[in-house]
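Open the model in your viewer and keep the sequence beside it. This tour tells you what to select at each stop and what you will find there.

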Amino acid sequence: MLAAGRASDLPPRGPAEVAFAGRSNVGKSSAINALLGRKGLARTSKTPGRTQTINFYELADGMRLVDLPGYGYARVPKLMREEWKALVGAYLESRTPAAVVVIMDARHPATDLDRQLLAWLGERRVLVLLSKADKLSRAEQKKTLQQASSLAADVRLFSSVTRQGVEECRDLLAGWLQAGPLE
């Protein structure tokens with residue numbers, strides 16, 4: 001629908017939105033593609049920092065998914081990372097998304113930056129997706145899920161490759177979009 005590179009480029013508030021946040025190269029765009037059942041809709045890359053704008057995807061019912069630039073390591077100048085931080089901050093301060101999906105690599109969940117984001121989100125409705133779960137054994141998945149369960153009320157294992165957790169998350173997010181933002 002739209003790519004916003006500056007706060008002034010953000011579309012007017014309107015239909016319910018679900019925002020996707022996480023470290024650079026953690027799989028935000030891949031998760032959006034898997035949830036929508038569309039390859040290549042949200043551009044993916046092996047290079048951290050490819051999503052440099054806030055990308056809005058309009059769903060058939062007018063609601064939106066929002067792909068935020070990643071935080072943390074990215075092969076871009078520090079000034080650009082600071083601009084992304086300001087842009088994401090402007091989005092989250094000016095909007096009340098129905099939910100924020102915080103994506104973490106299942107192999108390295110809950111970095112200091114992840115914990116800071118979760119603390120900053122406060123009482124918002126949050127879903128933590130532990131992406132790249134296919135890279136862990138079943139025992140490692142179970143252990144990681146148990147360890148991460150204290151991060152938010154809803155924590156799920158997810159893999160855009162094997163489709164683990166895709167249907168479950170799609171249903172959960174659809175319900176939250178229908179319910180709208182928490183007041």
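**Stop 1: Arg125**

Select Arg125 and show its surroundings. Setting aside residues up to four places away in sequence, Arg125 touches Ala98, Ala99, Val100, Trp176, Ala179, Gly180 and Leu182. This is a predicted model, so read each position as a prediction. Arg125 sits in the loop between H3 and S6.

Which side chain of opposite charge is nearest to Arg125? Select Asp154: that is the one, and it is 7.0 Å away. A salt bridge needs a side-chain nitrogen of Lys or Arg within 4 Å of a carboxyl oxygen of Asp or Glu. Arg125 is buried, yet has no salt bridge.

Now look for backbone oxygens around the Arg125 side chain. The backbone oxygen of Ala98 is 2.9 Å from one of its polar atoms.

**Stop 2**

For Arg156, the relative accessible area is 18%. That value counts as buried because the cut-off is under 20%.

Next, select Glu168. Glu168 also forms a salt bridge with Arg156, and here the closest N and O atoms are 3.0 Å apart. Glu168 lies in helix H5 (residues 166-179) and Arg156 in strand S7, so this pair ties together parts that are 12 residues apart in sequence. Glu168 is partly exposed, with a relative accessible area of 42%.

**Stop 2: along helix H5**

Now jump to Glu17, Arg64 and Arg95. Salt bridges that share partners join these three into one network. How many salt bridges does a search of the whole structure find? The search finds 8.

**Stop 3: the largest nonpolar core**

Select Ile54, Leu68, Tyr91, Val102, Met104, Val128 and Leu130. Of the 31 residues in the largest nonpolar core, these touch the most other members. Several elements each supply at least two residues of this core, including strand S2 (17-22), strand S3 (54-58), strand S5 (99-105) and helix H3 (112-121). Which element gives the most? Color H2: with 4 residues, H2 gives the most to this core.

Zoom in on Leu130. Leave aside its neighbours within four places in sequence. Leu130 is in contact with Met104, Ala106, Pro109, Thr144, Leu145, Ala148, Val155, Arg156, Leu157 and Phe158.

A second, separate core has 25 residues. To find it, select Ile32, Ala99, Leu173 and Leu177, which are among its members. Ala99 was also one of the residues touching Arg125.

**Stop 4: two positive phi angles**

Most residues other than glycine have a negative phi. Select Asn25, in the loop between S2 and helix H1 (28-36). Asn25 is not a glycine, yet its phi is positive, about 65°. Asn25 is partly exposed, with a relative accessible area of 32%.

Then select Lys132, in the loop between S6 and helix H4 (138-148). Phi of Lys132 is positive too, near 60°. At 22% relative accessibility, Lys132 counts as partly exposed.

**Stop 5: the whole chain**

Zoom out and switch to a cartoon view. Count the elements: there are 5 helices and 7 strands. Trace them from the N terminus and the order is β-β-α-β-β-α-β-α-β-α-β-α. Of the 183 residues, 50% count as buried.

Finish with the surface. The chain exposes about 9,500 Å², and carbon and sulfur atoms supply 50% of that area. Among contacts in the chain with a separation of 6 or more, 71% join residues 24 or more positions apart.

Key:
Residues are numbered from 1 along each chain as its sequence is written. This is a predicted model: local features need pLDDT of at least 70, side-chain atom pairs count only at pLDDT 80 or more; totals for chains, interfaces and linings use all residues. Side-chain values use heavy atoms; hydrogens and water are left out. A nonpolar core is a set of buried Ala, Val, Leu, Ile, Met, Phe, Trp, Tyr and Cys residues joined through side-chain atoms within 4.5 Å. Buried means under 20% relative accessible area, exposed over 50%, partly exposed in between (1.4 Å probe, protein chains only). Contact means heavy atoms within 4.5 Å. Accessible areas come from the Shrake-Rupley method with a 1.4 Å probe; for residues, only the protein chains shown count as cover. Lys and Arg count as positive and Asp and Glu as negative; His and the chain ends are not counted. A polar contact is a pair of N or O atoms within 3.5 Å; within protein, one must be able to donate a hydrogen and the other to accept it, and residues adjacent in sequence count only if both atoms are side-chain atoms.
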